[in-house]
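Try each task before you read its solution.

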Amino acid sequence: MSSPPEPPMFKKETPTEKAFQNPGLRGVHTTTLFRAVNPELFIKPNKPVMAFGLAALSFCMAYIGYRHATQENQKDLSEAVDSEGYRHLRRRTSKWD
C-alpha cells in the first residue's frame, strides 16, 4: 500500500522568486532612524533627476573652466593712462625682455 507523506517539519524549503524581490538593503528590516540617515540606500534611482543633476554639474564645471580661461587672458593686460588722461589697455611687458 501507499506510505504516508513525510511530516512538514522535515520538508526542505527552496528559495522562491518572492525572496529575491527586494535586493540589497530594501528587504532588510531596519530602524526608521537608519532609513532617515541613509535614504540613498532605500530610494529607487530617478533617471530624470539624475540627468538634470548631471547637466547642472556639467554646466557649473564648464562655467568655472570658462572663468579660469578668461582670467588667464586678462592677467596679461594692464591699464595705462597717457599724458592726456586717456586710458589704454596694453599687454604687460617685462623689464627683462
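**Exercise 1.** Classify Tyr63: is this residue buried, exposed or partly exposed?

*Solution.* Step 1: recall the classes: buried means under 20% relative accessible area, exposed over 50%, partly exposed in between (1.4 Å probe, protein chains only). Step 2: Tyr63 has a relative accessible area of 44%, so Tyr63 is partly exposed. Helices (H or I, at least four residues) and strands (E, at least two) are DSSP runs, numbered from the N terminus.

The model is predicted: local features need pLDDT of at least 70, side-chain atom pairs count only at pLDDT 80 or more, and totals for chains, interfaces and linings use all residues. Residues are numbered from 1 along each chain as its sequence is written, and side-chain values use heavy atoms, leaving out hydrogens and water.

**Exercise 2.** Describe how strands S1 and S2 pair.

*Solution.* Step 1: two strands pair if DSSP finds at least two bridges between them. Step 2: S1 (residues 77-81) and S2 run antiparallel, joined by five bridges. Step 4: the two strands form a hairpin with five residues between them, and Gly85 in the turn has a positive phi of about 95°.

**Exercise 3.** Which residue forms a salt bridge with Glu79?

*Solution.* Step 1: a salt bridge needs a side-chain nitrogen of Lys or Arg within 4 Å of a carboxyl oxygen of Asp or Glu. Step 2: the partner is Arg87, with the closest N and O atoms 3.3 Å apart. Step 3: Arg87 has a relative accessible area of 66%, so Arg87 is exposed.
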